[in-house]
Amino acid sequence: YRYDREVEKAERSVLRKIVERDESAARCMILFVSNTRCSHDISDPDTSTNQTFCVELSDGWYSIRASIDKPLQAMVAANRLTTGMKLILQGAELTGSQEPCPPLEQPP
């Protein structure tokens with residue numbers, strides 16, 4: 001099914017278009033949270049106040065790591081934003097390399 005859509009019908013997922021720089025990351029899209037990660041501040045790993053969260057977002061075919069702002073970090077910390085929830089995004093930025101690349105070959 002996926003091969004038919006991507007290769008034969010030339011229909012690509014939204015994340016593939018964005019990572020390959022054929023579409024703006026600022027467009028409106030619906031992605032779901034496929035993973036959440038927590039990292040502590042290196043200077044004081046024992047305190048929970050220095051936690052920063054990042055999420056992995058997916059369109060169902062490909063996924064991308066995302067940095068989130070303070071209000072969304074508070075929602076993750078309060079367990080109100082969890083794996084499987086859908087987010088409507090608009091005005092996002094793609095950071096890192098400015099070169100287009102296939103989604104499965106993204107640099108870390």
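**The sheet and its surroundings**

Mentor: In this predicted model, helix α3, residues 70–77, lies across β1 and β2 and runs at about 90° to β2. Those two strands belong to an open sheet of 4 strands, ordered β3-β2-β1-β4, in which the pairing is antiparallel. The edges are taken by β3 and β4, each of which has a single partner strand, so one side of each is left without a neighbour in the sheet. From one strand to the next the twist averages 45°.

Strands of a sheet pair through backbone hydrogen bonds, in either a parallel or an antiparallel sense. The pairings can be taken one at a time.

Between β1 and β2, which run antiparallel, there are 7 bridges. Within this pairing, Cys-38 has Phe-53 of β2 as its bridge partner.

On the β4 side, β1 is joined to β4 by 4 bridges, and these two strands also run antiparallel. Here Phe-32 has its bridge partner in β4, namely Lys-86.

Leu-57 is bridged to Ile-64 of β3, and Cys-54 stands opposite Ser-67 in β3. The hairpin formed by β2 and β3 has 4 residues between the strands, and Gly-60 takes a positive phi near 105° in it.

In β3, Ile-64 and Ala-66 make up the covered face, while Ser-63, Arg-65 and Ser-67 make up the uncovered one.

The largest pocket has a volume of about 880 Å³. Its lining comprises 34 residues, and the closest to the pocket centre are Arg-65, Ala-66, Ser-67, Glu-93 and Leu-94. The elements giving two or more residues to this lining are α2 (14–19), β1 (29–39), β2 (52–58), β3 (63–67) and β4 (86–89). By residue class, the lining divides into 22 nonpolar, 7 polar and 5 charged residues.

Terms used. Residues are numbered from 1 along each chain as its sequence is written. This is a predicted model: local features need pLDDT of at least 70, side-chain atom pairs count only at pLDDT 80 or more; totals for chains, interfaces and linings use all residues. Side-chain values use heavy atoms; hydrogens and water are left out. On a 1 Å grid over the protein atoms alone, a cavity is a set of points where a 1.4 Å probe fits but cannot get out, and a pocket is an open set with protein on both sides within 12 Å along at least five of seven lines; lining residues have an atom within 4 Å of a point. Grid points are joined across faces, edges and corners, and a volume is the space filled by probe spheres set on the points. Ala, Val, Leu, Ile, Met, Phe, Trp, Tyr, Cys and Pro count as nonpolar, Asp, Glu, Lys and Arg as charged, and the others, Gly among them, as polar. Buried means under 20% relative accessible area, exposed over 50%, partly exposed in between (1.4 Å probe, protein chains only). Two strands pair if DSSP finds at least two bridges between them. Axes are lines fitted to C-alpha atoms, for helices over the stretch in contact, and angles run from 0 to 180 degrees between N-to-C directions. Contact means heavy atoms within 4.5 Å.
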